[in-house]
Amino acid sequence: MFEGILPAIITPFHRDSKLSLDLEGLQSNIESLLKQGVHGIVPCGSTGESATLTFEEHEQVICKTVEVVDGRVPVLAGTGSNNTAEAIRLTRSAKDAGADGALVISPYYNKPNRSGLIKHFTKLADLDLPIVLYNVPGRTGQNLQPDLVAELAKHPNIVGIKEASGDITQISRIIEETQDEDFIVLSGDDAMTLPVLAIGGAGVISVAANIDPGRMVEMYEAFRAGDLARAQDLHYKLAPLMRAMFVDTNPIPVKKAVELCGMASGPVRLPLDELDEAKTEQLRRVLMNHD
């Protein structure tokens with residue numbers, strides 16, 4: 001179900017005193033992505049500033065996304081938290097809204113032990129919604145080890161992992177150890193999309209696809225068609241854009257890039273702050289040269 005290019009969408013805000021949700025802008029952005037052939041939509045992830053959304057806003061964004069997508073592609077909703085009870089609430093809400101699955105980050109800051117991680121993810125999987133684990137040690141302070149992922153993959157509702165460790169050896173080991181399960185591995189880093197596909201991955205949850213979804217889709221489809229030379233060519237054409245998305249903390253650069261491209265964006269919410277002038281100019285140059 002979850003394969004190919006799945007943009008981790010930004011959450012547009014109005015430039016008002018509350019930085020309120022721009023749901024019309026959200027709809028416009030999603031329609032633009034769908035027109036360019038993306039294979040799924042991921043709201044309320046790190047790129048969607050889930051950490052600063054209220055429960056009500058989180059639910060609104062997921063409901064609106066499901067409504068706009070209207071079954072055209074799967075919706076994989078971010079529902080993770082470092083509080084299991086909160087993650088259960090968000091996951092139940094995503095299920096009730098009609099999301100096709102939940103993307104669940106490993107609990108950050110708490111650094112739970114192995115048994116705690118297993119119980120946390122199992123409670124969420126028992127809600128009977130497909131769960132994609134999300135491993136991003138740079139944000140959580142803890143790495144989901146391949147043997148733990150393989151154990152969790154035995155649960156029928158734990159269907160995959162977004163792997164953002166940046167460790168291709170670890171990603172390969174996860175694919176190796178879950179071959180007997182109905183389980184997919186998605187890259188969590190745009191720049192590793194092609195290498196991950198080459199070792200058996202299913203696609204990417206992408207930041208860069210907010211800006212150039214068409215070329216990301218073309219790269220994926222070229223690889224799937226066996227045209228490795230074309231996929232490699234597109235990988236290198238996309239590489240400067242992929243790097244530019246991380247000139248500052250995600251999603252600061254991508255929100256500015258979306259704005260510069262004339263789509264709905266708005267500011268980031270504190271404690272993130274807007275991109276400074278020098279990095280904005282750097283980003284603008286990359287966008288101008290990205291043809």
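Me: In this predicted model, at roughly what angle do the axes of α9 and α10 cross?
Reply: The two axes come within 8 Å of each other. Residues of α9 that make the contact include Met216 and Phe223, and those of α10 include Leu234 and Leu238. The axes of α9 and α10 cross at roughly 155 degrees.

Me: How are α9 and α10 therefore oriented to each other?
Reply: α9 passes α10 in a left-handed crossing. Angles over 145 degrees count as roughly antiparallel, and the axes here cross at roughly 155 degrees. The two helices are therefore roughly antiparallel.

Me: What distance should helix α1 span, at 1.5 Å a residue?
Reply: Helix α1 covers residues 23-35, which is 13 residues. The expected span is 1.5 Å times one less than the number of residues.

Me: Which elements do the buried residues of α1 pack against?
Reply: In α1, the buried residues are Gly25, Leu26, Asn29, Ile30, Leu33 and Leu34. One of them, Ile30, is in contact with Thr65 and Val68, among others beyond its neighbours within four places in sequence. The elements packed against are β1 (4-7), α2 (55-69), α9 (213-224) and α11 (252-260).

Me: Which residues have the most contacts inside the largest nonpolar core?
Reply: This core has 54 residues. Helices α1, α2, α8, α9, α10, α11 and α12 each supply at least two of its residues. The residues with the most contacts inside the core are Ile30, Ile41, Ile211, Met216 and Met245.

Methods: Residues numbered from 1 in each chain as written. Predicted model: local features only at pLDDT ≥ 70, side-chain atom pairs only at ≥ 80, totals over all residues. Heavy atoms only, no water. Helix = DSSP H or I, 4+ residues; strand = E, 2+ residues; numbered from the N terminus. Buried < 20%, exposed > 50% of the residue type's maximum accessible area, 1.4 Å probe, protein only. Contact = heavy atoms within 4.5 Å. Core = buried A, V, L, I, M, F, W, Y, C linked by side-chain atoms within 4.5 Å. Axes fitted to C-alpha atoms, helices over the stretch in contact; angles between N-to-C directions. Parallel < 35°, antiparallel > 145°, perpendicular 65-115°, else oblique. Left-handed = near helix turned anticlockwise from the far one by under 90°.
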